[in-house]
Amino acid sequence: SARQARIPSVWDPGEVARIVEAIDRDNPCGKRDYAIILLITRLGLRGVDVKRLQFGDFDWPGNRLSVVQAKTGHRVALPLLKEVGWAVIDYIRNGRPVCDCPQVFLRHLAPIGPFSEQDHLHQILVKHARLAHVPISEKRRHGMHSLRHTLATRLMEDGTSVEQIADILGHQSVQSTGVYLKSSLGLLAG
């Protein structure tokens, strides 16, 4: 049914771990992809927001990341987890091509510069999923977006409050997060 089609598939956290581990971080592209996938899988950022991330969004001393979300227009502050922070630093120091634009993540093919509206980061995920031998089916929505749902599931299982999940996922209201979790995960049913 149409309703069923809207319910996103949830990634298995073990599969996500396998994809992350499979990324070859010895080359610039790998360093970039590793940082991008961690920002999405650990902090739940949307692909569009990762593409737009600027150096000024990082508060390194405060271990925080501040993002104006494209979808809501709201600025959200997220804790910059150590693992994620070091991945971004490794890319900036050792992988990022020389470019004076404010965006952190760049296309590494000419013309070097920020990602365009046409660049979809889920292609990066698909590439590494294949290398990790994690099955990608066309029927299931195995895009980047469904990784946000996996994060929400994991946060719930860890006992994170719906209020905090709303904050991390950047939903404007706790109510919308409750609806989102209920419809996508079925965990709040009953």
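Leaving out residues up to four places away in sequence, L39 touches G44, L45, V50, L53, L65, V84, V88 and F105, where a contact means heavy atoms within 4.5 Å.

Quick housekeeping. What you're looking at is a predicted model, so local features need pLDDT of at least 70 and side-chain atom pairs count only at pLDDT 80 or more, while totals for chains, interfaces and linings use all residues. Residues are numbered from 1 along each chain as its sequence is written, and side-chain values use heavy atoms, with hydrogens and water left out.

Back to L39. The largest nonpolar core has 36 residues, and L39, L45, L65 and F105 are the ones touching the most other members. By nonpolar core I mean buried Ala, Val, Leu, Ile, Met, Phe, Trp, Tyr and Cys residues joined through side-chain atoms within 4.5 Å. Buried is under 20% relative accessible area, exposed is over 50%, and partly exposed is in between, with a 1.4 Å probe and protein chains only.

Who supplies this core? Two or more residues come from each of helix 2 (13–22), helix 3 (28–43), strand 2 (64–68), strand 3 (75–79), helix 5 (82–94) and helix 6 (122–131). Helix 3 gives the most, 8 residues. The helices (H or I, at least four residues) and strands (E, at least two) are DSSP runs, numbered from the N terminus.

A word on helix 6: its buried residues are I124, L125, V126, H128 and A129. After helix 6 comes H133, with a positive phi near 60°.

For pairing, DSSP has to find at least two bridges between two strands; strand 2 and strand 3 have 5, in the antiparallel sense.

On to the rings. There are 2 aromatic pairs in the structure. Phe, Tyr and Trp rings (six-membered ring for Trp) pair if their centres lie within 6.5 Å; planes under 30 degrees apart are stacked, over 60 edge-to-face, and the rest tilted. F58 and W60 have ring centres 4.9 Å apart and planes at 5°, so they're stacked. F58 is buried at 8% relative accessible area, whereas W60 is partly exposed at 32%.

The other pair is Y91 and F105, with centres 5.4 Å apart and planes at 20°, so stacked again. Y91 sits in helix 5 and F105 in the loop between helix 5 and strand 4 (106–107), so this pair ties together parts 14 residues apart in sequence. Y91 is buried at 0%, and F105 is buried at 0% too.

Last, confidence. pLDDT is the predictor's confidence in each residue, from 0 to 100. The chain's mean is 77, with 66% of its residues at 70 or more. Among the elements, strand 4 has the highest mean (95) and helix 1 (residues 2–6) the lowest (43). Over residues 1–8 the pLDDT stays under 50, and the model has 5 contacts there beyond four places in sequence.
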